[in-house]
Amino acid sequence: MTTPNKQQPLAPPVPLEHSALALDLVRSAARLTRAASRIPGVTYSSIAWRVLADLEREGGARVTELAASQRVTQPAMTTLIHRLEGEGWVTRTPDESDGRAMLVSVTAAGSAALADYRDGAAALIAPTLTAFDEADLNALARAAEIMHRIADVS
C-alpha cells in the first residue's frame with residue numbers, strides 16, 4: 001500500500017515592500033562590504049576572510065564543506081587553505097568521525113589576523129560616521145543589530 005505524497009505547505013506570500021527592502025539590504029550590504037574591503041596592503045580575497053570568520057564562529061569544517069559554503073571549487077578552496085595554513089592562520093587535523101577526512105580550524109593567529117582585517121575595514125568606514133547626527137548613529141546601531149539577526153536565521 002502506498003501513501004500519497006504530502007506536499008509541504010506553501011509559505012505565505014512575501015509582501016512586495018518586504019521584497020524591495022530585502023533587495024535594498026542585499027545591495028547596500030554588498031556595497032558596504034566592497035568599500036570596507038579596500039584596505040591598503042591586504043592581499044587576501046574576501047573569501048579568505050569569510051572562511052576565517054566562518055571557522056571562528058562555527059568551528060572546524062572539511063574543505064568540501066568550506067568550498068560549498070563559499071561557492072567555489074574544492075581545488076580552489078584547497079589552494080586557499082594551503083595559503084592560510086602557510087600563514088599559520090588555520091590548521092588541519094584528522095576528523096574524529098572519519099579518519100580519512102581532515103578538519104580545518106582557525107588558529108589564534110588566524111583569529112588575530114581576522115580581527116586586524118576587521119579593524120582595518122572599520123577604520124575605513126569610521127571617518128564617514130562623523131557626518132551623521134546622533135539619531136542616524138542610533139539608527140545605524142539598531143540596523144546592525146537587526147542585520148545580525150537576519151544573518152543568523154538565513
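Trainee: Why is Arg-118 called partly exposed?
Mentor: This is a predicted model, and in it Arg-118 has a relative accessibility of 42%; because buried means under 20% and exposed means over 50%, Arg-118 counts as partly exposed.

Trainee: What makes the contact of Arg-118 with Glu-56 a salt bridge?
Mentor: The closest N and O atoms of the two are 3.4 Å apart, and the cut-off is within 4 Å, so the pair qualifies. Arg-118 lies in helix H5 and Glu-56 in helix H2, 62 residues apart, and the pair thus links distant parts of the chain. Glu-56 is also partly exposed, with a relative accessible area of 36%.

Trainee: Which side chains meet that of Asp-98 in salt bridges?
Mentor: Among them are Arg-62, at 3.7 Å from N to O, and Arg-100, at 3.0 Å. Salt bridges that share partners join Arg-62, Asp-95, Asp-98 and Arg-100 into one network.

Trainee: What makes H2 oblique to H3?
Mentor: The axes of helix H2 (residues 46-58) and helix H3 (residues 63-70) come within 11 Å and cross at roughly 120 degrees. Because 65 to 115 degrees counts as roughly perpendicular and over 145 as roughly antiparallel, H2 is oblique to H3.

Terms used
Residues are numbered from 1 along each chain as its sequence is written. This is a predicted model: local features need pLDDT of at least 70, side-chain atom pairs count only at pLDDT 80 or more; totals for chains, interfaces and linings use all residues. Side-chain values use heavy atoms; hydrogens and water are left out. Axes are lines fitted to C-alpha atoms, for helices over the stretch in contact, and angles run from 0 to 180 degrees between N-to-C directions. Helices (H or I, at least four residues) and strands (E, at least two) are DSSP runs, numbered from the N terminus. Angles under 35 degrees count as roughly parallel, over 145 as roughly antiparallel, 65 to 115 as roughly perpendicular and the rest as oblique. Buried means under 20% relative accessible area, exposed over 50%, partly exposed in between (1.4 Å probe, protein chains only).
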